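Subject: Structure handover

Hello,

Please find the structure below. My notes on what was found in it follow.

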Amino acid sequence: MRVYFKTFGCRTNLFDTQVMMSSLKDFTIAQKEEDADIVVVNSCTVTNGADGSVRNYINKITKSGKKIYLTGCGAFTKGEQLFGQKKVVGVFGHSEKTKVNELLKKENFFELGDLKSIDKTIVGEFVGKSRAFIKIQEGCDFRCSYCIIPYVRGDARSQDEELILEQVRRLAANGFGEFILTGTNVGSYGKDRGTSLAKLLRRLGLIRGVRRIRIGSIEPVQIDEEFLELLDAPWMARHLHIALQHTSPKMLAIMNRRNEVHKDLELFEKIAARGYALGSDFIVGHPGETQELFEEAVENIQKFPLTHIHLFTYSKRDGTPSASMKPEVPGNVAKERYKVIQKIVQEKNEAFRAKKRPLQVLVESQKDGHYFGHDQFFNPVFIQSDLDLKGNWVEIAEYEVKKEGNFAIF
Ligand code: SF4
């Protein structure tokens, strides 16, 4: 029997799919959906829209007669309904995923498991990838008003440090040089184990073969002196993604965030002065975002040394406090606000790249006559070359700054 894994959502889900793949013993993995007898849908439920995409996908493939199993965050919110409607033959929660080999031999089960465990699987190889994603924790103790994640992933708990080190050692020995630490709330790492993200990083940096470590995302309130001391370490990527979500103090209060704009700005300035590119998440159009508050946010964001932005227009997620908040922001207004923030950060990004500095690039892929990778500042780099560069590290001294990225000949 051939199994196809369809993954929706974030990196945590991508990692969970890898865990399931490495736990499959009696099945073959299909690279394409059409070659499969069984489809495992690793779902996302972050917004009502995400739920809709999963439901549409399941509706589409039910017609093909394949057996469908549902897992991931959507198992907790939509599992019961899809199972009741017989759209899926089995539903299992995160904690059950390492049992996937046995579960796929069964039908008619609904096993959500618990939201306290963290799997112990060590993934030794990420097929076709030059960078490895390492899940270091699961769950979140924050309760941002718009977010369903803590209810479907549970409270924050950290992976055992020795297991993480073992995993990275193994991947580094297999030729991986770049590691991206991921999780639901990466910066909370270690709180439940009497350690910290900084301590973990320090140990990871000592592993032979580790050239660059990126941190998926970190909260401003989680950056302490111990973390700041690591900024000059040679293996730290010169880019941090620090989740602001908004730059109006009132909006941050409405969103039940723990960060404060004036402190965030000080922090960003401090880190940027150490040669870092800085990215953030930002939500436009959350309920309560009046024109006045948005303008205040724009005025503030102009002051931030931002180089990257992961922008979202607010999307309702039933079951969260924000879902019933008023006044709502009309979709077209939110879209315009999105463009305003996007333009500001795009200009800041180009200004950052115009101050040219040598780039260290890990070449990830080759497409349309260019090699492609990211530099240490997490900017895209397109390289023209007659050499076979895929999977290699290259140092770029001369390059041209274009809107979509840096261009070089090597
Ligand atoms: S920090 Fe906030 S937005 Fe992020 S997962 Fe936790 S509750 Fe959700």
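This is a predicted model: local features need pLDDT of at least 70, side-chain atom pairs count only at pLDDT 80 or more; totals for chains, interfaces and linings use all residues.

Overall picture

The protein contains 13 helices and 20 strands. Its radius of gyration is 22 Å, close to the 22 Å that the globule rule gives for 410 residues, so the protein is as compact as a globular protein of that length. The C-alpha trace spans about 60 × 55 × 45 Å along the principal axes. Of the 410 residues, 40% count as buried. If you take the contacts between residues at least 6 apart in sequence, 72% of them join residues at least 24 apart.

Two helix pairs

Helix α7 covers residues 161-173 and helix α8 covers residues 197-205. Their axes come within 10 Å and cross at roughly 30 degrees. Angles under 35 degrees count as roughly parallel, and α7 and α8 are therefore roughly parallel to each other. The crossing of α7 past α8 is right-handed. On the α7 side, the residues that meet α8 are Glu161, Ile164, Leu165 and Val168; on the α8 side they are Leu200, Arg203 and Leu204. Sorted by class, this contact has five nonpolar residues, two charged ones and no polar ones.

The other pair is α12 with α13. Helix α12 runs over residues 291-303, and α13 over 331-354. The two pack at an angle of about 10 degrees, with their axes 10 Å apart. Helices α12 and α13 are therefore also roughly parallel to each other. Which residues of α12 and α13 meet? From α12 they are Phe294, Val298, Ile301 and Gln302, and from α13 they are Arg337, Val340, Ile341 and Ile344. By class, the residues of this contact divide into six nonpolar, one polar and one charged.

Points in the loops

A cis peptide bond joins Lys326 and Pro327, with omega at about -5 degrees. Pro327 lies in the loop between β14 (308-313) and α13.

Two residues have a positive phi without being glycine. One is Asn108, with a phi of about 60 degrees. Asn108 is in the loop between α5 (100-103) and β6 (109-111). Is Asn108 buried or exposed? It has 8 C-beta neighbours inside 10 Å, so Asn108 counts as exposed; the cut-off for exposed is 12 or fewer.

The other is Phe378, whose phi is near 65 degrees. Phe378 sits in the loop between β16 (370-374) and β17 (380-384). With 17 other C-beta atoms within 10 Å, Phe378 is partly exposed, since a residue needs 20 or more to be buried.

Last, Gln31 is in the loop between β2 (28-29) and β3 (38-43). Gln31 has 11 C-beta neighbours inside 10 Å and so counts as exposed. In sequence, Gln31 and Tyr4 are 27 residues apart, while in space their C-alpha atoms are 6.5 Å apart.

Regards

How values were computed
Residues are numbered from 1 along each chain as its sequence is written. Helices (H or I, at least four residues) and strands (E, at least two) are DSSP runs, numbered from the N terminus. The radius of gyration is taken over C-alpha atoms; the globule rule is 2.2 Å times the number of residues to the power 0.38. Two residues are in contact if their C-beta atoms, placed from the backbone, lie within 7 Å. Axes are lines fitted to C-alpha atoms, for helices over the stretch in contact, and angles run from 0 to 180 degrees between N-to-C directions. Angles under 35 degrees count as roughly parallel, over 145 as roughly antiparallel, 65 to 115 as roughly perpendicular and the rest as oblique. A crossing is left-handed if the near helix is turned anticlockwise from the far one by less than a right angle, and right-handed if clockwise. Ala, Val, Leu, Ile, Met, Phe, Trp, Tyr, Cys and Pro count as nonpolar, Asp, Glu, Lys and Arg as charged, and the others, Gly among them, as polar.
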